[in-house]
Amino acid sequence: AGIAVIDVARPDLDRMCGTAPHQGLALSVPPFRYAHPDDLLARVRAAAPGLLVALDGVTDPRNLGAVVRSAAAFGAHGVVVPERRAAGITAAAWKTSAGAAARLPVARATNLARTLVSFAESGLFVVGLAADADTTIDELEMATDPVVLVIGSEGRGLSRLVEERCDVTVRIPMAGAVESLNAGVAAGIALAEIARRRRGA
């Protein structure tokens, strides 16, 4: 593949990797290249029906990596994250995505609420996950339509401005006294249900 391989002493690897365990091997790569939200819209228009995932206030890069992995597994066309106060594609996110971050575009939005308005104007239904929603994910009538699924942070959920941009909010039905799921798990469940509904459409 034309990759240059250089033998270095262990202290050099330790210095390059900091606290990350390198197991005797390190790869120097350029910074992650984010897509633009408009690039994701182009991908959605080329698919039928389109599916995007947007994260609102998710700050744990491992949750972001898990969402990217689930999004790729269940047929989403991209993931959108805010530029500020949110996790980006770090080494931890990349590792948790298990390679999905190399295949599925991740876009950064300057203003997530405005980006969701743009998606809605382009024909996508904006569906937010909210623990207090009246409708459950398995009752989501628009699951087979073009959708952007919005997932909030584990503690705070969806911000007010983002929730106001949602056409509908849905919850994951749960048994027992568990109050919420982390963003990675919630995304996987919701995306699996949307994919199931689309297979049966």
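## Charged pairs

A residue is called buried when its relative accessible area is under 20%, exposed when that value is over 50%, and partly exposed in between. In this predicted model, D60 has a relative accessible area of 24% and is therefore partly exposed, whereas R62, at 52%, is exposed. D60 and R62 are joined by a salt bridge in which the closest N and O atoms lie 3.5 Å apart.

The side chain of E164 pairs with R160, the closest N and O atoms being 3.0 Å apart, and because E164 and R160 are four residues apart in helix α6, about one helical turn separates them. E164 also meets R165 in a salt bridge, with an N to O distance of 3.6 Å. Through these shared partners, R160, E164 and R165 are linked into one network. With a relative accessible area of 57%, R160 is exposed, while E164, at 47%, is partly exposed, and R165 is partly exposed at 30%.

## Helix α7 and its surroundings

Helix α7 comprises 17 residues, 183-199, which at 1.5 Å a residue should span 24 Å, and the distance of 24 Å between its end C-alpha atoms agrees with that expectation. At the start of α7, a side-chain oxygen of N182 comes to within 3.0 Å of the backbone nitrogen of G184.

## A buried loop residue

S153 belongs to the loop that runs between β6 (147-152) and α6 (160-164). Its relative accessibility is 15%, and S153 therefore counts as buried. When neighbours within four places in sequence are left aside, the residues in contact with S153 are D56, G57 and V58.

## A nonpolar surface patch

On the surface, I3, L27 and V29 form a nonpolar patch whose accessible area together is about 340 Å². V29 is placed in the loop between α1 (10-17) and α2 (37-45), and because its relative accessibility is 55%, V29 counts as exposed.

Key:
Residues are numbered from 1 along each chain as its sequence is written. This is a predicted model: local features need pLDDT of at least 70, side-chain atom pairs count only at pLDDT 80 or more; totals for chains, interfaces and linings use all residues. Side-chain values use heavy atoms; hydrogens and water are left out. Patches are made of residues with over 30% relative accessible area and no salt bridge: like charges are joined within 9 Å, nonpolar side chains (Val, Leu, Ile, Met, Phe, Trp, Tyr) within 5 Å. Accessible areas come from the Shrake-Rupley method with a 1.4 Å probe; for residues, only the protein chains shown count as cover. A salt bridge is a side-chain nitrogen of Lys or Arg within 4 Å of a carboxyl oxygen of Asp or Glu. Helices (H or I, at least four residues) and strands (E, at least two) are DSSP runs, numbered from the N terminus. Buried means under 20% relative accessible area, exposed over 50%, partly exposed in between (1.4 Å probe, protein chains only). Contact means heavy atoms within 4.5 Å. The expected span of a helix is 1.5 Å times one less than its number of residues. A polar contact is a pair of N or O atoms within 3.5 Å; within protein, one must be able to donate a hydrogen and the other to accept it, and residues adjacent in sequence count only if both atoms are side-chain atoms.
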